[in-house]
Amino acid sequence: CRPHVPVVPVAHNAGELWPRNGFIKYPGTVTVSIGEPIPCEDAKADALNRSVAAWIEREMARITGSAASPP
């Protein structure tokens, strides 16, 4: 992470409508959630990644109504 440049987490449910490696695209609404910037000046990469991943998992649970699957 560059100093003084925060990480902005983003979560979306496009995978439900446009499956990975899938040919068929399904109609629907993609919901995008943009989180608050997370400062990274003094953060270690592992801790920052865990923080962002935790936020994305919580948001995916909120916007899809279920827990997110790891990639």
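## A loop, a helix and a patch

Guide: Let's start with V30, which sits in the loop between α1 (14–17) and β2 (32–34). Keep in mind that this is a predicted model.

Visitor: How confident is the prediction, and which element has the highest confidence?
Guide: The protein averages a pLDDT of 87, and 92% of the residues score at least 70. Confidence is lowest in α1, with a mean of 90. At the other end, with a mean of 97, is β2.

Visitor: Back to V30: is it buried, partly exposed or exposed?
Guide: Buried would need under 20% relative accessible area, and exposed would need over 50%. V30 has a relative accessibility of 31%, so its class is partly exposed.

Visitor: Which residues make the nonpolar surface patch, and what is its area?
Guide: V30 is one of the members.

Visitor: What about N21, where is it and what is its phi?
Guide: N21 is in the loop between α1 and β2. Most residues other than glycine have a negative phi. N21 is not a glycine, yet its phi is positive, at about 60 degrees.

Visitor: Is N21 buried or exposed?
Guide: The cut-off for exposed is over 50% relative accessible area. N21 comes in at 80%, so it counts as exposed.

Visitor: How many salt bridges are there, and which side chains meet?
Guide: Side chains of opposite charge can pair when their charged atoms come close. The count here is one salt bridge. Its N to O distance is 2.8 Å, and the side chains that meet are those of E59 and R62.

Visitor: Where do E59 and R62 lie in helix α2, and how far apart are they along it?
Guide: Helix α2 covers residues 45–64. E59 and R62 are three residues apart in that helix, so their separation is about one helical turn.

Visitor: Which of the two partners is buried and which is exposed?
Guide: Buried means under 20% relative accessible area, and exposed means over 50%. E59 has 12%, so it is buried.

Notes
Residues numbered from 1 in each chain as written. Heavy atoms only, no water. Patch = residues over 30% accessible without salt bridge, like charges linked within 9 Å, V, L, I, M, F, W, Y side chains within 5 Å. Areas by Shrake-Rupley, 256 points an atom, 1.4 Å probe, with all protein chains shown as cover. Salt bridge = Lys/Arg side-chain N within 4 Å of Asp/Glu carboxyl O. Helix = DSSP H or I, 4+ residues; strand = E, 2+ residues; numbered from the N terminus. Buried < 20%, exposed > 50% of the residue type's maximum accessible area, 1.4 Å probe, protein only. pLDDT = per-residue confidence, 0-100.
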